[in-house]
Amino acid sequence: MKTKLIATWLLGVALTGCQKDFLTIVPQTALSSATFFKTESDFLQAVNGTYVPLRSSFNDRAWVLEEMHSDNTYYARNTLYGAVDPTENVADFAVPTSGGVTANDNVLQQYRLDYLIISRANQILALIDGAGITFSSDASKGNLKGQALFLRAFAYFDLVRLFGKVPLHLTPVVGREDAALPLSTTDQIYAQIEKDALAASTLLLNKLNQEPGRATSGAAKTLLANLYITQKKWALAEPLMKSVITNDGYVLMPDYNQAFSFSASNKNNQESVFEVQYLEGSAGYSGSFIYRFIPSPITIAELNPITGTSNTQPTSQESNNIPTPDLIAAYETGDKRKDISIGYVTLSQSLRVNQTYPYIKKYARTHALHGNTGTNWPVYRYAEVLLFLAESLNEQGKAGEAATYINQVRARAGLAATTASSQADMREAIFKERRVELAFENKRWFDLTRTGRVKEIISAYGARVKANPDAYYFPKGAIPPPNAFTVLDDYYGLPAVESALTPNF
């Protein structure tokens, strides 16, 4: 996809629709839907722009709300820096919520990024079937339309899992009245995601024929299966995953380390079903999430072996997304994924008694300049396709067949075949396998909510944090705040700033 896919989107969120009234004159100097969408190239540029918010979402917010809000990672305080409450509260399960809304900025920004994707997709879908526009082929038009449908479905799937109920915008917003829609039910949103993802799966090209980095038919089928599994529609998920396995050309990379992109290579590899694209360099498309995850305060000498940059700089911020001792203990003896996923660094300036911290190693790829990486974010990998199929089979009473697919994932990790044979044991084995295979890929929180295990697992996790703060990276003498682990809801409150703009929240 390279720079073409992540070009800056030139249109605003709410462009006006084409006017049929010949008396309505659009100034030729104004860029609007009436003047922009004329050629296939225009739609290609619009589709490119619809991907763009994913970069901010995965670099800045999604991991806060979907990974650090779990028992996989935690927030390591640096009392010399000062608390960053919106992030700290998410990790502590203490997000202030009243009347169904919250002022947490991470919530607000993720909500807005998802709707930015939706607004751009809506503009494309409203106009792409219009008269007078010539495409090089029906397949080319379908591929562009399929990408817009996939991205809209993807954004709504994120929103519905974060909030449960949100406004369902399916056409461009052209006025204030259109902007304040009532909240749609979870089932209504699920139905639209299903419709969009199903259509996308028939329109998109497969991995072999698609431009690297763009959504594929396999990505759409995986998204749709993820929806069905969330809904516990196991019999619908099974054929989708079997189709991806049989027809879409994905394979497990032989080495788990090779499943993830480096800063300038190994992107969109044979295991990658969909990943968010970043580009190292001065073009403005780089990522920096590894710097948000690195424990601090860290010196140049401590950081340089991790990043390998020519201009390494110390950092002093609070530390995000630090692997918990709970996750570290979840790896079985001999699991190759553990040392690939998690590294350790000793911070000479830390105020903690034990100055050695774990960090997310599988994203710590060497690169040229401090704070500027091209490491892509894995959204869906073939390993998850195998685990989705295993889960959908097991929930239909086919534990023996499910073992075939979980064991493929385990074999690459250097582990023996699972010993689970009953449905209950296999269910737990898959749940545990997802945790270590997909660690730090923003899966854990949604696994907890869709299986109904938030209160069970997070209550016990919170008790361990409170009983032993030092083990969870608190500086000497520091303890969790009084409200820690008191907000154990499956959904976040809707953004308070947005609620001020609508009567429907």
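At which residues does UniProt place the feature "domain: RagB/SusD"? In the predicted model described here, that feature, taken from an unreviewed UniProt entry, covers residues 335-483. The span is 46% helix and 10% strand, and its end C-alpha atoms lie 36 Å apart. The unreviewed entry in UniProt also lists "domain: SusD-like N-terminal", at residues 91-228.

Two packed helices are described by the angle between their axes and the distance between the axes. Helix α6 (residues 105-127) packs on α7 at an angle of about 150°, and the two axes are 9 Å apart. Because angles over 145 degrees count as roughly antiparallel, α6 is classed as roughly antiparallel to α7. The crossing of these two helices, α6 and α7, is left-handed. On the α6 side, the contact is made by Val107, Gln110, Tyr111, Asp114, Tyr115, Ile117, Ile118, Ala121, Asn122, Ile124 and Leu125. The residues contributed by α7 include Lys145, Leu149, Arg152, Tyr156, Leu159 and Phe163. Sorted by class, the contact of α6 with α7 comprises 16 nonpolar, two polar and four charged residues.

Helix α7 (residues 138-163) also packs against helix α9 (residues 186-203), where the axes come within 8 Å and cross at roughly 155°. This angle makes α7 roughly antiparallel to α9, and the crossing of the pair is left-handed. From α7, the contact involves Gly142, Asn143, Lys145, Gly146, Leu149, Phe150, Arg152, Ala153, Tyr156, Phe157 and Val160. Its partners in α9 include Ile189, Tyr190, Ile193, Asp196, Ala200 and Leu203. The class composition of the contact between α7 and α9 is 13 nonpolar, five polar and three charged residues. Lys145, Leu149, Arg152 and Tyr156 of α7 are listed both in the contact with α6 and in the contact with α9.

A further helix pair is formed by α17 (residues 399-412) and α18 (residues 423-437), which pack at an angle of about 25° with their axes 11 Å apart. These helices are therefore roughly parallel to each other. The crossing of α17 and α18 is left-handed. Ala399, Ala402, Ala403, Ile406, Val409, Arg410 and Arg412 of α17 meet Gln423, Met426, Ala429, Ile430, Glu433 and Glu437 of α18. Of the residues in the contact of α17 with α18, eight are nonpolar, one is polar and four are charged.

Across the whole structure, the search finds 36 salt bridges. One of the salt bridges pairs the side chains of arginine 337 and glutamate 433, with an N to O distance of 2.6 Å. Arginine 337 belongs to helix α15 (residues 336-341) and glutamate 433 to helix α18, so this pair ties together parts that are 96 residues apart in sequence. Glutamate 433 is also among the residues of α18 in contact with α17.

Backbone geometry was considered at two loop positions. Most residues other than glycine have a negative phi, and most peptide bonds are trans. The peptide bond from serine 296 to proline 297 is cis, with omega near 0°. Proline 297 is located in the loop between α12 (289-293) and α13 (300-307). Phenylalanine 440, although not a glycine, has a positive phi of about 70°. Phenylalanine 440 is placed in the loop that connects α18 and α19 (444-450).

Terms used: Residues are numbered from 1 along each chain as its sequence is written. This is a predicted model: local features need pLDDT of at least 70, side-chain atom pairs count only at pLDDT 80 or more; totals for chains, interfaces and linings use all residues. Side-chain values use heavy atoms; hydrogens and water are left out. UniProt positions are given in the numbering used here, feature names are shortened, and annotations may be inferred rather than shown by experiment. Helices (H or I, at least four residues) and strands (E, at least two) are DSSP runs, numbered from the N terminus. Axes are lines fitted to C-alpha atoms, for helices over the stretch in contact, and angles run from 0 to 180 degrees between N-to-C directions. Angles under 35 degrees count as roughly parallel, over 145 as roughly antiparallel, 65 to 115 as roughly perpendicular and the rest as oblique. A crossing is left-handed if the near helix is turned anticlockwise from the far one by less than a right angle, and right-handed if clockwise. Contact means heavy atoms within 4.5 Å. Ala, Val, Leu, Ile, Met, Phe, Trp, Tyr, Cys and Pro count as nonpolar, Asp, Glu, Lys and Arg as charged, and the others, Gly among them, as polar. A salt bridge is a side-chain nitrogen of Lys or Arg within 4 Å of a carboxyl oxygen of Asp or Glu.
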